[in-house]
Amino acid sequence: MVPRHAGGAARTALTVLGALALTALPATATATTTADAEPPAPAPSSAAQTLGADRPSAVVLRAMQRDLRLTGAQARTRLVNEAEAGTRAGRLQNVLGKHFAGAWVHGTTSASLTVATTDAAGVAAIKADGARAMVVKNTLKDLHTVRAKLDAAAVGTALDTPVRYVDVRTNRVAVQATSRAAADKLIAAAGVDRRLVDVKVSADRPRALYDVRGGDAYYIDDKARCSVGFSVTKGEQQGFASAGHCGKAGARTTGFNKVAQGTFEASVFPGHDMSWVSVNSEWTATPAVKGEGETNVQVAGSVEALVGAAICRSGSTTGWHCGTIEQHDTTVSYAEGDINGVTRTTVCAEPGDSGGSYLSGTQAQGVTSGGSGDCKTGGITFHQPINPLLTTYGLTLRTATAQSGTPAPVDGRTVGWTTGRVYEVGTRVTYDGVPYECLQTHQAQGAWQPRLTPALWQRL
């Protein structure tokens, strides 16, 4: 069992939090195969098989049963349903285009998928794919514009209205404020339509969770402690992703055992909350996240889960806990400034959990940024999504089945497919001369060629 190295100083305001997973990265591959290449394996028959949702870790299942109050069978079924729903939602998003207004799963086992559209003409397509259709007034683009205006108006007073996000389930923008007056003042300053904003009054003030663990603890310049998020590579260089507030570029790290470990190569905080650390030759990046009872959970990829999906977090202070994804693309204000593009979840966390890993099934979701509440009474947390972090720093996630490599740059909307590149819903690629359209945001793995993964790519 790895020692906790907490100590009295570990819980002071100076201590940084930690994440926990180790992940491997896929290697760069060409967009076409050669004539003498070995024949490809048969295409997986379902999204669940592609994403590994049909063979979840026992650690993930136990935590889901405990925190989401599910039976083992319900937890397994939920993971499969969510994997399949992600593919269906991506397919419908591409069909609906600018009229797509969000998608979410619901029910004990996420058996129901709802897709919102601003055009009633799209209802038939939604129902034909087995989803529930909801016709709404506001496009996602319009709601994101409202949220952006609120963000801009919050400068200087953001801690009174610390959380602002688009809620696809209500087709409105939500503002969490310390008082109704603070929310009203922000809405007026932003000049947005009050009818588009829901106000939630709460005394909670999210903050960056300084303290540490996750996978394994690490220490920054012998002053602060954080946790490993996910293992990554950049070319031949190994390292790991973590939260930006854990350390600045150039800061030195030691591992959980106080052995010299690495250096922060890049870090952003506030604005975003992301960083990556390169490690020396004494350390090896692995595709594992530390789970309950020191059991490792293997990471298979980084497919972004839908709103409503189950998600589990590993942190050095509180260990394994699960909840659900509430919203993507959220803006949260800490004392240090605004953090943009984070995901809001119902997973609890406490100081020391920062930088820790978030997983949906076997898919990496992000690293712990901050939150409010605790794991005794419950709370809300925010994570920095992993795919933007990988793209920003040109990193490849280490996974159980992938090779290492450096992602190729993306130019334009139609590109050749290559491993290590992050693809968003709607991106078009050409593979073996055949065009495909992306159904779920993910970083491409070597085994996830478009023709072999109908869960992730639709042939055009």
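User: What makes Cys312 and Cys322 a disulfide?
Analyst: It comes down to the sulfur atoms. In this predicted model, those of Cys312 and Cys322 sit 2.0 Å apart. The cut-off for a disulfide is within 2.5 Å, so the pair makes it.

User: And is that link left-handed or right-handed, and how do you know?
Analyst: Look at the torsion about the S-S bond. For Cys312 and Cys322 that comes to about 90 degrees, so this disulfide is right-handed. As for where the pair sits, Cys312 is in strand E17 (residues 310-315) and Cys322 is in strand E18 (residues 319-334), ten residues apart.

User: Why is Cys312 called buried?
Analyst: Buried means under 20% relative accessible area. Cys312 has 2% relative accessibility, so it counts as buried. Cys322 has a relative accessible area of 6%, so it's buried too.

User: How many disulfides does a search of the whole structure find?
Analyst: Three. One of them joins Cys226 to Cys246, with an S to S distance of 2.0 Å. The angle about the S-S bond is -85 degrees here, and the link is left-handed.

User: What parts does the pair of Cys226 and Cys246 tie together?
Analyst: Cys226 lies in strand E9 (residues 224-227), while Cys246 is in the loop between strand E11 (237-242) and strand E12 (252-254), so the link ties together parts that are 20 residues apart in sequence. Both Cys226 and Cys246 are buried.

User: What makes Cys348 and Cys375 a disulfide?
Analyst: Run the distance check again: their sulfur atoms are 2.0 Å apart, and the limit is 2.5 Å, so Cys348 and Cys375 pass. With a torsion of about 100 degrees about the S-S bond, this disulfide is right-handed. Cys348 is in the loop between strand E19 (337-345) and strand E20 (357-360), and Cys375 is in the loop between strand E21 (363-374) and strand E22 (378-385), 27 residues apart.

User: What is the pairing if you number the bonded cysteines in sequence order?
Analyst: It goes 1-2, 3-4, 5-6.

User: Let's move on to helices. Why are H5 and H6 called roughly perpendicular?
Analyst: The axes of H5 (residues 140-153) and H6 (residues 180-190) cross at roughly 110 degrees, and they come within 8 Å. Angles from 65 to 115 degrees count as roughly perpendicular, and therefore H5 and H6 get that label.

User: Which residues meet where H5 touches H6?
Analyst: From H5 you have Lys149, Leu150 and Ala153, and they meet Leu186, Ile187, Ala189 and Ala190 in H6. By class, that contact has six nonpolar residues, no polar ones and one charged residue.

Terms used: Residues are numbered from 1 along each chain as its sequence is written. This is a predicted model: local features need pLDDT of at least 70, side-chain atom pairs count only at pLDDT 80 or more; totals for chains, interfaces and linings use all residues. Side-chain values use heavy atoms; hydrogens and water are left out. Axes are lines fitted to C-alpha atoms, for helices over the stretch in contact, and angles run from 0 to 180 degrees between N-to-C directions. Helices (H or I, at least four residues) and strands (E, at least two) are DSSP runs, numbered from the N terminus. Angles under 35 degrees count as roughly parallel, over 145 as roughly antiparallel, 65 to 115 as roughly perpendicular and the rest as oblique. Contact means heavy atoms within 4.5 Å. Ala, Val, Leu, Ile, Met, Phe, Trp, Tyr, Cys and Pro count as nonpolar, Asp, Glu, Lys and Arg as charged, and the others, Gly among them, as polar. Buried means under 20% relative accessible area, exposed over 50%, partly exposed in between (1.4 Å probe, protein chains only).
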